[in-house]
Amino acid sequence: MRIGVLAVQGAFAEHIATLATIGVEGVEVRLPSDLEDVSGLILPGGESTAQRRLIDRWGLREPILELARAGVPLFGTCAGMILLAGGITDGDPTVLPLLDIDVRRNAFGRQLDSFETELAVPMLGDRPVHAVFIRAPIVERVGPGVDVLARLDDGRIVAVRERNVVATAFHPELAGETRFHRLIATMAAEHDDPGEGSGRRPHPTRRTGMAR
Amino acid sequence: MTVETSTWATKKGLAQMLKGGVIMDVVTAEHAKIAEDAGAVAVMALERVPADIRAAGGVARMSDPAMIQSIMDAVTIPVMAKARIGHFVEAQILEALGVDYIDESEVLTPADERNHIDKHAFKVPFVCGCRDLGEALRRISEGAAMIRTKGEAGTGNVVEAVHQLRDVLAEIRRLQGMREDELFVAAKELQAPYDLVRDVAVSGRLPVVNFVAGGISTPADAALVMQLGAEGVFVGSGIFKSEDPARMANAIVQATTHFDDPKILADVSRGLGAPMRGIAMEQLPESDRLAIRGW
């Protein structure tokens with residue numbers, strides 16, 4: 001299984017290194033042809049405005065949306081969350097509006113307001129996540145189909161999941177945190193081979209419609 | 001829940017977010033918008049680009065805070081600004097303004113010929129120039145959270161940038177091949193702290209992000225240093241001293257992303273108009289070289 005990491009700009013090497021620590025191959029994605037055969041896609045931190053321009057210039061928008069519609073799991077961190085948001089409060093154009101959320105860019109202020117903290121993410125178990133926020137966005141609105149995965153003490157939302165799309169305002173890849181990547185790898189493996197547990201019993205030689 | 005700001009991870013982390021990107025020198029809010037629209041990951045706010053600093057002569061200082069503020073107000077990408085080497089009060093002023101990164105820069109006239117700024121004392125992260133590995137590690141030990149090779153600013157000539165980047169990376173490879181007991185002497189020779197030298201020998205890379213600066217003026221220049229191992233580029237005079245800055249800026253951004261794809265490089269290099277004129281190193285007297293500033 002290979003997981004793509006959008007590599008037009010940003011901290012993509014850190015995600016590939018994190019995937020390597022859990023035994024998953026990460027591949028750099030700069031062009032639509034790089035998306036062939038990926039079982040999942042990570043959108044890394046970086047500058048969302050620069051990433052947006054590069055995504056559009058090289059025609060990555062439609063192929064990524066198509067991938068997501070086919071059920072391939074996507075995971076965005078920081079700028080990646082902004083790319084995945086259905087709305088951006090300052091009116092910046094949306095890019096891959098797959099999450100029914102509104103985000104505010106640079107919501108905490110400038111670099112001097114960047115911070116680290118311990119964050120409870122119940123879905124990942126009792127051990128808190130060490131979260132690094134760098135000129136980070138926050139989620140200001142979530143739609144009814146969106147699960148909130150984590151909030152700051154003041155209630156502001158910083159991690160969400162909607163179906164096959166997960167996004168965090170912080171950077172697990174900068175703190176040696178692997179559980180989000182394990183989650184995506186598991187979702188990707190399930191998508192590749194959904195198994196036969198859900199009541200459906202296709203003939204073993206006729207697994208049509210499933211990406212392998 | 002404890003919240004800690006200005007930690008090593010957040011300082012170094014912002015530079016990690018800039019990787020694979022282009023940081024552009026801008027002198028007005030209008031330039032900053034052009035840079036942002038072209039896909040810059042950050043801008044360096046300064047009063048004159050290095051080519052003009054060279055031409056003007058005299059003492060080059062920190063820019064007017066009003067001008068830096070106008071650029072901070074104009075764009076949403078990070079804004080960096082330059083302080084003179086050793087001028088910790090200029091750095092304090094830049095921190096008070098709330099810039100996102102301070103460049104302790106040889107492009108400005110040094111304020112201290114022995115000491116650099118104690119960068120650990122600041123909440124805002126610093127980027128510093130280097131010509132070799134020893135200089136890079138000395139700056140990191142003083143607290144720099146990002147390194148750039150200096151090149152030779154304002155010349156439009158990439159030769160020094162290439163030379164210095166190759167030197168830094170070759171020295172790293174040399175350390176990797178050393179026995180544990182040889183690293184003590186290596187640290188002495190590099191005039192750098194042993195712990196950092198050992199860290200580089202083990203990891204095979206600098207402990208912070210490493211960009212290239214000084215002399216990049218075409219998409220091919222940017223791709224050249226990226227292929228050699230840079231993690232991103234600073235472009236100073238190369239953009240706003242070219243014939244068509246917006247197109248040149250955009251082309252350099254594309255080339256930095258697709259640095260390893262000659263077909264795309266050929267495509268983005270087409271019809272850009274004249275790059276900045278440039279200066280051959282032989283025509284540049286020793287006294288006019290900026291890279292030798294810093295110790």
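The structure is a predicted model, in which local features need pLDDT of at least 70 and side-chain atom pairs count only at pLDDT 80 or more, whereas totals for chains, interfaces and linings use all residues. Residues are numbered from 1 along each chain as its sequence is written, chains are lettered from A in the order in which they are written, and side-chain values use heavy atoms, with hydrogens and water left out. The area buried between chain A and chain B is about 3,200 Å², where buried area is the accessible area (1.4 Å probe) that two parts lose on being put together, summed over both.

**Extent and make-up of the interface**

- Chain A brings 39 residues to the contact and chain B brings 44 residues, contact being defined as heavy atoms within 4.5 Å.
- Carbon and sulfur atoms give 56% of the area buried between the two chains, and A:Arg110, A:Gln111 and A:Leu112 supply 21% of the area that chain A buries against chain B, more than any other three residues.
- Across the interface there are 23 residue pairs in polar contact, both residues being at pLDDT 80 or more; a polar contact is a pair of N or O atoms within 3.5 Å, where within protein one must be able to donate a hydrogen and the other to accept it, and residues adjacent in sequence count only if both atoms are side-chain atoms.
- On the side of chain A that touches chain B, the elements giving two or more residues are helix H1 (12–21), helix H2 (48–57), strand E7 (115–119) and strand E8 (129–133), with helices (H or I, at least four residues) and strands (E, at least two) taken as DSSP runs numbered from the N terminus.

**Strand pairing between the chains**

- E7(A) pairs with strand E1 (residues 3–5) of chain B in the antiparallel sense over 3 bridges, pairing being assigned if DSSP finds at least two bridges between two strands.

**Salt bridges**

- Over all chains the count comes to 34 salt bridges, each being a side-chain nitrogen of Lys or Arg within 4 Å of a carboxyl oxygen of Asp or Glu, and the count between chain A and chain B is 5.
- One salt bridge joins the side chains of B:Asp100 and A:Arg110 at 2.6 Å, N to O.
- In chain A, A:Arg141 forms a salt bridge with A:Asp102, with the closest N and O atoms 3.0 Å apart; this pair links strand E9 (residues 138–142) to strand E6 (residues 99–104), the two residues being 39 residues apart.
- A:Arg141 is partly exposed at 34% relative accessibility, and A:Asp102 is also partly exposed, at 23%, on a scale where buried means under 20% relative accessible area, exposed over 50% and partly exposed in between (1.4 Å probe, protein chains only).
- In chain B, the closest N and O atoms of B:Lys82 and B:Asp103 are 2.8 Å apart in a salt bridge; B:Lys82 lies in strand E4 (residues 79–84) and B:Asp103 in strand E5 (residues 101–105), so the pair ties together parts 21 residues apart in sequence.
- Both B:Lys82 and B:Asp103 are buried.

**A buried helix residue at the contact**

- B:Thr257 lies in helix H12 (residues 245–257) of chain B and is buried, with a relative accessible area of 2%.
- Leaving aside residues up to four places away in sequence, B:Thr257 touches A:Ala7, A:Val8, A:Arg30, A:Leu54 and B:Gly20.
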